[in-house]
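Have a look at the model first, and then read on.

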Amino acid sequence: MLSTPPARENRELIDVRNLVKYFPIEDSDDVVKAVDGVSFAILEGETLGLVGESGCGKSTVGRCILRLDEPTSGEVLFDGKDIIGLRASEMQKLRGKMQVIFQDPYASLNPRHSIVSIVSEPLKIHGIGSRSERRERVADLLSKVGLDPRYMDRYPHEFSGGQRQRIGIARALALNPKFIICDEPVSALDVSVQAQVVNLLQDLQAEFGLTYLFISHGLSVVEHISNRVAVMYLGKIVEIAEARELYENPLHPYTKALLSAIPEPNPTLKRERIILKGDVPTPIDPPSGCRFRTRCPIAIDECAAAVPELRDFGGGHRAACIRVGHPLS
């Protein structure tokens, strides 16, 4: 049984404002509009889930926040300070406070390095501790994530996928960060292991006061770990709300379609499945107005005229759809 997300503070730790990331196409004037005007805030101690289909831009949002990809425009405020445009030396000082857990536990760990080398690398880069002190820190971190410190001299191939992801989590914790981006951290794991890793992340959050951006297409996992959930479609956020509110009362037709696809564990109950028509449009030339309109079951002509804004429908529940609240929607 997954535990309830911990209570959160009211102070904003992350504030993303109108974030844009376009990728140029070689030998062309066109660009891939991966992220196109995304704004949200994450409160200190909170977990914000970011969900959407593959290719919607959610991982690019995470990479831009960390400046692993340089944003085309926009602002990213960490603890009140805009980090876009900081020099490399200034950004490195912040790296210890902002970390990432990658999706693939097989690709994210260097197979030629031992576990003690992998987990202690951030400490070495930042000049923290002697060699013996770093080994002691690694032993403590491995214990925190449920691994035997005696195995620290082994190599990644000697561990299972779930154990490797725990090693990745230990590495992310090495510098005592405030904020961690969890980029599909359980999607490559067996279902039986997913709950263990999610529970571990929640326990670590409670112990160290961590703030998470939890990126995933696994809607069931996001529901359990998140305080709030934001839904992305083709580079834009279309809905954001408290987790329970969004799952019980989705407003945007895209969110409704996503939730209808979640398997119902009770075989006596049947959920009406919403089948979307057509394919996801290309981010090189997205539809005018509402980007979801070409697949939307309630779209009208006006949906092509203007980009819908995220409107607040009460309690911080916002949706970007002109049909929400319409008598025919």
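Helix α1 (residues 58–65) is mostly covered, with six of its eight residues buried. Helices here are DSSP runs of H or I with at least four residues, strands are runs of E with at least two, and both are numbered from the N terminus. Buried stands for under 20% relative accessible area, exposed for over 50%, and partly exposed for what lies in between (1.4 Å probe, protein chains only). The buried residues of α1 are Lys-58, Thr-60, Val-61, Gly-62, Cys-64 and Ile-65. After α1 comes Arg-67, with a positive phi near 60 degrees.

A word on the ground rules: this is a predicted model, in which local features need pLDDT of at least 70 and side-chain atom pairs count only at pLDDT 80 or more, while totals for chains, interfaces and linings use all residues. Residues are numbered from 1 along each chain as its sequence is written, and side-chain values use heavy atoms, with hydrogens and water left out.

Helix α4 (residues 131–144) has 14 residues and reaches 20 Å from its first C-alpha to its last, close to the expected 20 Å at 1.5 Å a residue. The expected span is 1.5 Å times one less than the number of residues in the helix. Which residues of α4 are buried? They are Arg-134, Val-138, Leu-141 and Leu-142. Seen down the axis of α4, these buried residues fall within an arc of 100 degrees, so they line one face of the helix. The arc is taken over the directions from the helix axis to the C-beta atoms.

The buried residues of α4 pack against α3 (115–125) and α5 (161–173), where contact means heavy atoms within 4.5 Å. On the face turned away from the buried side, α4 carries the exposed residues Ser-132 and Glu-136. Ser-143 also belongs to helix α4 and is partly exposed, with a relative accessible area of 43%. The C-alpha atoms of Ser-143 and Ala-170 are separated by 9.1 Å, although these residues are 27 apart along the chain. Just after α4, Gly-146 takes a positive phi of about 85 degrees.

### The largest pocket

The helices α3 and α5 turn up again here: together with α2 (88–95) and β6 (98–101), each supplies at least two residues of the lining of the largest pocket. A pocket is an open set of points on a 1 Å grid over the protein atoms alone, where a 1.4 Å probe fits, with protein on both sides within 12 Å along at least five of seven lines; lining residues have an atom within 4 Å of a point. The largest pocket has a volume of about 430 Å³. Its lining counts 16 residues, of which Gln-99, Val-100, Phe-102, Pro-122 and Arg-171 lie nearest the centre.

The 18 residues of helix α6 (residues 191–208) should span 26 Å at 1.5 Å a residue, and its end C-alpha atoms are 26 Å apart, which agrees. Among the buried residues of α6 are Gln-194, Val-197, Leu-201 and Gln-205.

Glu-184 sits in the loop between β7 (179–183) and α6. Is Glu-184 buried or exposed? At 7% relative accessibility, Glu-184 counts as buried. Leaving aside neighbours within four places in sequence, Glu-184 is in contact with Lys-58, Gln-103, Ile-215, Ser-216 and His-217.

### Positive phi away from glycine

Most residues other than glycine have a negative phi.

| Residue | Phi | Loop |
|---|---|---|
| Glu-184 | about 50 degrees | between β7 (179–183) and α6 |
| Leu-234 | about 50 degrees | between β9 (228–233) and β10 (236–242) |

Leu-234 is buried, with a relative accessible area of 4%.

### Val-222 in helix α7

Val-222 lies in helix α7 (residues 219–225) and, at 0% relative accessibility, counts as buried. Not counting residues up to four places away in sequence, Val-222 touches Gly-49, Val-51, Phe-214, Ser-216, Val-229 and Tyr-247. Val-222 and Leu-48 are 174 residues apart in sequence and 8.8 Å apart in space, C-alpha to C-alpha.

Key. Grid points are joined across faces, edges and corners, and a volume is the space filled by probe spheres set on the points.
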